[in-house]
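Thanks for sending this one over. Please have the structure open beside you while you read my notes.

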Amino acid sequence: MTDNTHDSTGGELAELGPIPDPGIPEHTWRPTDVDPKAEKRAERQVSAMFGLSAVFTILFVVSYFTFHIGEHWTVWLGHGVSTIALGVTLGLALLLIGVGIIQWARKLMGDHEISELRHPARSDDESREGTLAALTQGLEESGIARRPLIRNSLLGAVGLLGVPAIVMLRDLGPLPGDSLYHTIWGMGTKKHPMRIVRDGIWSPILASDLEIGDLVNCQPDAYKNPQRYGIDPTLVEGTELQVQKAKASLILSRMDPGDIKPGPGRKNWTVDGIVAYSKICTHVGCPISLNERTTHHLLCPCHQSTFDLANSGKVVFGPAGRPLPQLPIAVDDEGYLVAQSDFTEPVGPSFWERNYVQR
Amino acid sequence: MRLLNRSAGRLSRYRRGPIAGFVVLLLGLLLTGGLYAAFSPAHADSDSAAAKQAQIEKGRQLFLVSCAFCHGQNGQGVLTQGGSQLGPALTDVGAAAVDFQVGTGRMPMTMPGPQAKEKQPSFSDQEISDLAAYVASLGTGPGIPDKQLYSTQGMSQSQINALVQRGGQIFLANCTACHNFEGSGGAMPRGGFAPRIRGVSSKHIYEAMLTGPQSMDTFSDGNIPPQDKKAVIAYLNNLNNTPSYSGLTLGGLGPVSEGLIGWVVGLGFLVGFAVWIAAHTTRTTKKKDGASA
């Protein structure tokens with residue numbers, strides 16, 4: 001009895017064929033298919049959405065002409081009305097068309113269920129041979145093999161089309177030369193070393209002006225007084241001015257002189273506890289002046305690189321690879337803070353040709 | 001006749017007129033008053049000095065109760081056993097620092113932490129000025145600024161406009177790094193933050209620049225001159241009164257809040273809508289008339 005059961009189980013399974021195709025389940029209808037009232041209601045809904053969309057489009061046009069911008073904004077509850085009205089009306093006009101179409105498709109358009117059989121992706125042999133024959137015939141008739149002059153001149157013409165692409169790459173140049181190694185701080189003269197001025201206020205700074213804990217955002221005096229340093233004024237105008245600012249922006253910080261740990265050879269780079277550093281992060285060049293007075297840590301808002309201003313701008317945290325370049329400063333005959341020289345290393349992010357300095 | 005002999009007709013030539021007593025009294029009062037007026041400056045000085053001393057003493061009593069635990073009984077600062085600063089020395093912070101810290105409720109702190117937060121002030125204005133007088137007496141430091149230093153009262157509109165424009169330049173160069181381009185504040189290392197400075201009173205902004213509260217750098221008068229501090233404050237006040245022309249500001253925090261709202265609310269709404277559309281596949285058990293299923 002038990003033996004029989006055991007045998008029969010295996011035998012029956014082996015004899016079962018593939019499961020027969022169950023076909024598509026019986027189609028059930030949507031209310032809109034069987035109930036004329038529901039159909040009418042859906043029709044009204046869709047057309048109402050399209051109609052509402054039209055209303056919002058008209059409201060958009062009305063808002064455009066009604067609400068003022070420029071000198072005398074129309075203001076409601078502290079907000080400019082024009083922007084909000086235009087955004088809301090146009091947004092709703094577009095949304096309602098989309099929603100209407102979806103509602104139309106789901107409620108009223110055809111609702112057949114279709115099964116599509118899967119076919120092998122490979123074409124049958126006959127079609128493949130036919131295609132190959134057609135291609136070969138085409139090549140024969142074009143005579144490309146018999147007329148090398150045409151073939152070669154075509155190849156040459158197409159090949160030469162690569163040249164415009166290469167020529168246009170030239171616009172990425174010219175190569176910067178040594179301009180990345182210099183800033184306008186180095187353009188001070190022996191008689192007039194480059195003065196440090198307050199950014200936005202543009203007045204030179206007496207060392208005695210600053211108190212311990214002060215942080216000053218600075219620029220070189222050359223932007224406002226190029227003639228004093230014998231600098232061509234076109235070097236500090238327009239695009240050139242932006243280039244100069246991108247390299248020469250500076251921060252001054254005055255701290256307790258006892259807090260400063262001068263790096264090798266940097267003993268005379270400070271004035272009574274006033275240190276000067278490039279404002280351009282050495283990671284990817286964001287301008288930084290988020291300083292913590294209590295720790296002398298300067299933080300870059302872009303990727304959280306942190307530099308210690310009391311310790312030669314050393315990186316204490318974050319992705320920056322190099323310390324912040326320090327500017328050697330001194331005072332001139334009138335007591336104003338000046339740059340002793342240019343930065344002693346390129347400012348800002350690293351670049352291919354740069355000689356890496358010890359971190 | 002009577003004019004020449006004024007005592008004629010009196011009972012006695014030695015008898016005084018009825019108002020003579022008042023006249024003498026008046027003269028005496030005038031003399032005393034005059035003498036007082038003549039000698040008063042020195043006198044009044046010592047008087048107000050005494051009043052000031054009394055105010056400082058009142059401030060000291062408040063200080064001993066509410067501040068000395070962290071800042072030391074003489075404001076010399078207290079180090080913890082681990083060597084970190086419990087409360088910094090207040091010997092050279094001046095009255096402006098006290099007026100800012102206590103006036104904005106940052107001090108006294110509820111508990112030690114990375115940053116003292118703004119809250120309802122714990123002291124009355126009078127108590128704050130007593131405390132400020134005491135701390136100012138401990139050493140040097142900036143005093144509480146006069147109203148004319150930060151108020152644009154009495155200036156013409158075009159003067160204010162010029163001030164706002166200049167203030168904007170200075171604000172963008174010096175303040176936006178930490179306090180955001182429209183003063184909404186931002187994050188700082190180790191749990192600190194630069195607070196939102198919109199809607200803060202002009203006096204407190206002036207004092208904050210002057211004293212550099214907590215980790216903030218100071219912007220002393222040698223760093224940003226008083227007239228330019230006024231410009232920065234005028235710019236901030238102008239910012240407060242400027243409508244947000246481009247719609248909702250979402251806190252004015254830039255890509256952080258805009259991205260958050262865009263992804264969570266904007267995309268969330270669209271996804272929810274798509275789900276809603278797909279869920280509406282009502283089917284009925286009814287059959288179509290005359291048609292087989």
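Here are a few numbered points on the helices, the sheet and the contact between the chains.

1. A word of caution to begin with: this is a predicted model. Please read each point below with that in mind.

2. Let's start in chain B, with helix 8. How many of the 10 residues of helix 8 are buried? Eight are, so this helix, which spans residues 202–211, is largely enclosed by the rest of the structure. The buried set is made up of K203(B), I205(B), Y206(B), E207(B), A208(B), M209(B), L210(B) and T211(B).

3. What covers those buried residues of helix 8? The cover includes three other helices of chain B: helix 3 (94–103), helix 5 (147–150) and helix 9 (226–241). While you are there, look just past the end of helix 8, where G212(B) adopts a positive phi of about 60°.

4. Now for a helix pair in chain A. Helix 3 (residues 36–66) and helix 4 (residues 81–107) have axes that come within 8 Å and cross at roughly 160°. An angle over 145 degrees counts as roughly antiparallel, and helix 3 and helix 4 of chain A are therefore described that way. The crossing of these two helices is left-handed. Sorted by class, their contact has 18 nonpolar residues, eight polar ones and one charged one.

5. Chain A also has an open sheet of four strands, in the order 3-4-5-6 and with antiparallel pairing. Which strands stand at the edges? They are strand 3 (196–198) and strand 6 (274–278); each has a single partner strand, so one side of each is left without a neighbour in the sheet. From one strand to the next, the twist averages 40°.

6. Strand 5 runs antiparallel to strand 6 of chain A, and five bridges join the two. A handy pair to find on screen is I251(A), which stands opposite Y277(A) of strand 6.

7. Finally, the contact between the chains. Chain A brings 40 residues to it and chain B brings 32 residues. On the chain A side, the elements giving two or more residues are helix 2 (31–34), strand 2 (79–80), helix 4, strand 4 (215–220), strand 7 (290–292) and strand 8 (297–299). Helix 4 of chain A gives the most, with five residues. By class, the side of chain A that touches chain B has 15 nonpolar, 15 polar and 10 charged residues.

How values were computed. Residues numbered from 1 in each chain as written. Chains lettered and ligands numbered in written order. Predicted model: local features only at pLDDT ≥ 70, side-chain atom pairs only at ≥ 80, totals over all residues. Buried ≥ 20, exposed ≤ 12 C-beta atoms within 10 Å, placed from the backbone. Contact = placed C-beta atoms within 7 Å. Axes fitted to C-alpha atoms, helices over the stretch in contact; angles between N-to-C directions. Parallel < 35°, antiparallel > 145°, perpendicular 65-115°, else oblique. Left-handed = near helix turned anticlockwise from the far one by under 90°. Nonpolar A, V, L, I, M, F, W, Y, C, P; charged D, E, K, R; others polar. Pairing = 2+ DSSP bridges.
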